[in-house]
Amino acid sequence: METETVAAPDVGRRCRLQVLAVWSDLGFTSTRNVLRHLRKLITLSTATILLFFCKIHPILHGADFKELEHVPLICNQNDDKESEDIHLDSRTCSWCVEPLANYAYFSLGCGFNLHKKCAEIPLKINLMWHRKHPLVLQFNSEHFSCKICPNPDRLVYCCSLCEFVVHIECIPTPPNVIEDKGHEHTFTLFWRRSSFICDACGVEGNYFAYICSICSIMVHKKCISLPRIIKSKWHDHPISHTYFLQEEDFKSLDCMSCHESVNPEHGGYSCSDCNIVFHVNCVAKDKDSYFVILQEEEDGKSSKSLELLPEVSIDSITGVIERNNAGEATKIKHFKHAHNLTISDKISECEKCCDGCMLPVSTSFYHCSECDFFLHKACAEFPKMKHVWHHSCRQPLILVSDNVLRCNNCCYLSNGYAYKCDECGKHICLRCVIALTPGALTCQGHQHSLLYFEHYKGLCNACGVDTQGALFCKVCTFALNIICFSLPTTARDKCDEHLLALTYHDDNNYWKCHYCDIFEERRDPSHWFYHCATCDTSAHINCVLGQYPFIKLGRIYEQVFHQHPLTFVKKIYDYPDCLECGEPCEDLALECAKSGCNYIVHWKGVAPFDLQ
């Protein structure tokens, strides 16, 4: 039996003591016991011995390879068949974490297993893209990022002088030529000693790139396989990738996701119908947020994903009965209402709210001449199925008008329209879908357009509350959370006989006028409030809206605990006693719609637990 002994010059007493401490922790009381334990093992490289120590004892994590390579260890050939009885599929290599059964391997018998190929990792290498110094295998104690990929790792090849670090997995030479169906020419490997900007995604790359010399483009390896056409949650239409953008083709070169500028000299995704652009990494970073649309060049047809582009119509307007001279639909059939709806821009003196978003009706709305039903034109045009970027499930959401629901975003109860996910059962109300729609939005309380920034942290200008994510003005740093953006412009309260208007500025500087007439305390004049100009009544927003601002009164609630239909009511001046608890019904209640039946109960007394 051949053995190999690694020389041990007296260069690292501290290191040798650490090694002895490791063996002591494993239960070995002497060097003789150590050698007896290793007698049947295959000869290992110095790097393997070091890796073994790394795995079994954290005290060596900060050690230097130059010290550890002189540790005296004896390793011998292993001729027994002891490992044949072990279930290899359940054991992994301590280095690459792949199953041991995949390659030839050996084990030290104490939980440390290693493939033969992993044991042969060299201590020192030379790379053509870092020619100044050799790279040494060592612990990444400084937590440097890999120059090929941005991720840190514990064991790396490193040049400490240049702070140059590369993962072992990133070193294998990539293929010289790559063909891709999405591009008409092949891509050739091009070694670089400096960084470059990828023409496919616009992000910096390091040390090796792929070029198409015919098209004069340079890309990351991963960007060669970018899908040509995708359907993203960020947009209702398919968007296509291109390496160069023509500025005159777009209304703006700001990305619809992050709102930062897209460089037209580099790649991006765009919608030719809407003239909008996206950064590649904004729409393609999460593979669950988009579907690839394949193009079959043989017959010129597209292979459409049924999940994104279903064969059945997703239009909520199921029929157009009349159009005006401009081609606008003036009388329609909507799949959520039994009667025909007619467009109008005349608002009656009494207040009405949209049955979709539950906000006051404004210009361009549809109404039903046979019942009390109203829909904003924009709300009527929302599709039956829709993807939204802020919901993580992969399947499209379904437009519903459930009895009563709780929005997963704003947490308000509503009996209006919402999008429901059949996968997780959550709802998103139409107000939140509108507020989080990509693109510029307008608000009566601010003169500039607002854009939603997912990572914004700061105060909401309307209520003064800390918010995570907000509709933000890039011109003057004005910010609104989505709840304040979707506030009703008018509301009614018993404190005043007139409608109260949402007011954005208090021009009265007299401090005694900064008073809430409902709560009967001072209010902050810099925050939005409701106000009646006729009576000079002012009140906090929450004091006026209460707990259920988006429950439409008069609508029937489907239930099983009373023999007649019940409708939502909110008594203002006359408070009948609840037949369940005996207390006056001052808040939201359910009242029997049948004449002569005086049944009335608090909503909280009969509502399901999750809707109280």
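**A strand residue and its surroundings**

Mentor: Thr330 has its place in strand β21, which covers residues 329-334; helices (H or I, at least four residues) and strands (E, at least two) are DSSP runs, numbered from the N terminus. The model is a predicted one, in which local features need pLDDT of at least 70, side-chain atom pairs count only at pLDDT 80 or more, and totals for chains, interfaces and linings use all residues. Residues are numbered from 1 along each chain as its sequence is written, and side-chain values use heavy atoms, with hydrogens and water left out.

Thr330 counts as buried because its relative accessibility is 16%, where buried means under 20% relative accessible area, exposed over 50%, and partly exposed in between (1.4 Å probe, protein chains only). Leaving aside residues up to four places away in sequence, Thr330 touches Glu322, Arg323 and Asn324, as well as Leu341, Thr342, Ile343 and Tyr366; a contact here means heavy atoms within 4.5 Å.

Cys371 and His339 are 32 residues apart along the chain, yet their C-alpha atoms are separated by 8.5 Å.

Lys384 is partly exposed because its relative accessible area is 24%. From Lys384 to Val400 there are 16 residues in sequence, and the C-alpha to C-alpha distance in space is 8.2 Å.

These local views belong to a protein chain whose secondary structure comes to eleven helices and 44 strands. Of the 612 residues in the protein chain, 44% are buried, and Thr330 is counted as buried as well. Among the contacts in the protein chain between residues at least 6 apart in sequence, 48% join residues at least 24 apart. As for its surface, the protein chain exposes about 33,400 Å², and carbon and sulfur atoms supply 49% of that area; accessible areas come from the Shrake-Rupley method with a 1.4 Å probe, and for residues only the protein chains shown count as cover.
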